[in-house]
Amino acid sequence: MPPSVVDRDSARQGFSWASAGSELDGLPGGAGLNIAHEAVDRHANGTGAGRIALRWLGRDGTRRDFSYAELRDLSNRFANALRALGVAPGDRVVSLLGRVPELHIAALGTWKLGAVFCPLFSAFGPEPVKTRMEKSGARVLVTTATLYQRKVAASRAALPALEHVILLGDAEDTSAGTPVLNWPQLLAAASPAFTIPPTDPETPALIHFTSGTTGMPKGALHVHAAVLAHHVTGRVALDLRAGDIFWCTADPGWVTGISYGVIAPLSNGVTCLLDEADFDARRWYQLLAAERVTVWYTAPTAIRMLMKAGPELAREYDLTALRFLASVGEPLNPEAVVWSQEVYGRCFHDNWWQTETGGIMIANLAAMEVRPGSMGRPLPGIEAAIVRRTADGGAEELTAPDTVGELALRPSWPSMFRAYWGEPERYAKCFAGGYYLTGDLARRDVDGYYWFVGRADDVIKTMGHLIGPFEVESILLEHPAVAEAAVIGKPDPVAGELVKAFVSLKGDRLPDDLLRRELLGFARTRLGAVVAPKEITFLPSIPRTRSGKIMRRLLKARELGLPEGDTSTLEEPAH
Ligand code: AMP
């Protein structure tokens, strides 16, 4: 079967976002554009009604199928339930859920009402959950009794905007005097019929939290128009088409799990798989084989773990249904590309994007020559460049091939973020010279392929998750023994980077192993396992610039035994 795009260059030449709009339906009667309508209702109201939209594979072996018509009706019920609670368009609905179908239903119902969906990663500890919920000003939280007790209940007093907590399952949990609602009852009481009110394409739809070097996480705001980018990039970069069995392994608590775990595949009419269980090489191969997965979208950390599990394991399974393999989220080592070709008979196609871009920007398309180690080339409708920030606050394009600079994009595509929620200055800082500056360093080769070089800032990518050092440092500083803390990403052969902390102690506290373990445990309880440091090194003091900024780069260079670079702004002599 030929790929949906057979020639990248001609696809680019003939492309405009305005004309691509005809791939979507729009709301009936010209009432605008709504993600949930494009993703589900237009299929459910037509020939796709009985097609499986979502197949959920429970941790315990349960399997549940949802047709497009069922997803339409369930999300209608949720939209009605929200409306009955007094939730209004623009209000924020937060989910704190694992990989369960209720997350899809909650997202779709929220969009139908015109409210803003904000998914949170269920492995976050109570502090990251609190910070994000506070910032979002959410009125509604959808979660489970266990997650609520562990991660939210203690912060409830600090979340005055939070009016309704909806718990999955039958648990009647009213501990700490906090009233909670029950998902099954709410949905059972709500009508399965709902007419989506007129939705302007610029109506806010989603907030995804992401991290920077400084300050607390920022909420990237996306609008309903984004569905056009999800739809087109799903077709072009992931080669999705109706009839595909598609498995996006990303957790829907992060942007990939929503853009490509929910919106793009559904709008393209495919069957999405959702596996509740955590990574396990054998389970993954069993799933790929048994479900006859045709398109598989995963991340380098998982691919490296599969490589560790060895080619023999892969060869025990029939993976011949696989047609297209793609990877995102961190640099994909060239060996992984070569290995996948050898072992699966198909290679992983790396692609690049980030929370702010909302959808895939740069990719190795099915019809392109894959250059192992390269992220690929810009998609139709995407103008990318390598730039240098200039002293006057502008940006200058670096046109010579293989010059390293910051990866920049000309904002023009529909899934571009529209704001950092409530932080206009931080948003404004992302733009210069008519470009959106991505914070990534890259180079472009003579044939136009982009190669990732590193981050321009100090954020950490661990197992595909973006972690802000400031958020981790802030928690360490709350421990009574800690005077100063600095956090870096330490290269790791499987996770990409590990979160590593350097800590200086107050007064006469001794830097011993007992305290190290105490601090690791303290951070883990507060932040959750993904965000908390895995290693702590004690230092007499943390190196800072004369203006007081932590020199994370210097700590990283020392950690790796690399040249320390320019230390002329260092406040204290190097030690
Ligand atoms: P997030 O916003 O959490 O999706 O993280 C986006 C960041 O992940 C990018 O800015 C890159 O630093 C990194 N990233 C995403 N895709 C790739 C890729 N294909 N190769 C290298 N880094 C990537």
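Visitor: Is Glu423 buried or exposed in this predicted model?
Guide: Glu423 sits in the loop between strand S20 (419–420) and helix H15 (424–428). Its relative accessible area is 16%. Buried means under 20%, so Glu423 is buried.

Visitor: Which residues does Glu423 touch, not counting residues up to four places away in sequence?
Guide: Glu423 is buried. With residues up to four places away in sequence left out, the residues Glu423 touches are Lys135, Pro217 and Lys218.

Visitor: Is Arg283 buried, exposed or partly exposed?
Guide: Arg283 is found in helix H11 (residues 281–290). Its relative accessible area is 23%. Buried means under 20% and exposed over 50%, so Arg283 is partly exposed.

Visitor: How far apart in space are Arg283 and Met368, C-alpha to C-alpha?
Guide: Along the sequence, Arg283 and Met368 are 85 residues apart. In space, C-alpha to C-alpha, the distance between Arg283 and Met368 is 31 Å.

Visitor: Why do the buried residues of H7 line one face of the helix?
Guide: Helix H7 covers residues 145–152, and Ala145, Leu147, Tyr148, Lys151 and Val152 are buried there. An α-helix has 3.6 residues a turn, so residues three or four places apart point the same way. Seen down the axis of H7, the buried residues line one face because they fall within an arc of 165°.

Visitor: Which elements do the buried residues of H7 pack against?
Guide: The buried residues of H7 include Leu147 and Tyr148. Their packing partners are strand S3 (92–97), helix H6 (126–136), strand S5 (140–143) and strand S6 (164–167).

Visitor: What is the orientation of H12 to H14?
Guide: Helix H12 (residues 300–309) packs on helix H14 (residues 334–344) with axes 11 Å apart. The angle is about 55°. That angle makes H12 to H14 oblique.

Visitor: How many residues in the contact of H12 with H14 are charged?
Guide: H12 brings Ile303, Leu306 and Met307, while H14 brings Glu335, Ala336, Trp339 and Tyr344. Six are nonpolar and no residue is polar. The number of charged residues is one.

Visitor: Is the crossing of H16 and H17 left-handed or right-handed?
Guide: Helix H16 (residues 469–476) and helix H17 (residues 513–527) pack at about 120°, with axes 10 Å apart. H16 and H17 are therefore oblique to each other. The crossing of H16 past H17 is right-handed.

How values were computed: Residues numbered from 1 in each chain as written. Predicted model: local features only at pLDDT ≥ 70, side-chain atom pairs only at ≥ 80, totals over all residues. Heavy atoms only, no water. Axes fitted to C-alpha atoms, helices over the stretch in contact; angles between N-to-C directions. Helix = DSSP H or I, 4+ residues; strand = E, 2+ residues; numbered from the N terminus. Parallel < 35°, antiparallel > 145°, perpendicular 65-115°, else oblique. Contact = heavy atoms within 4.5 Å. Nonpolar A, V, L, I, M, F, W, Y, C, P; charged D, E, K, R; others polar. Buried < 20%, exposed > 50% of the residue type's maximum accessible area, 1.4 Å probe, protein only. Arc of directions from axis to C-beta. Left-handed = near helix turned anticlockwise from the far one by under 90°.
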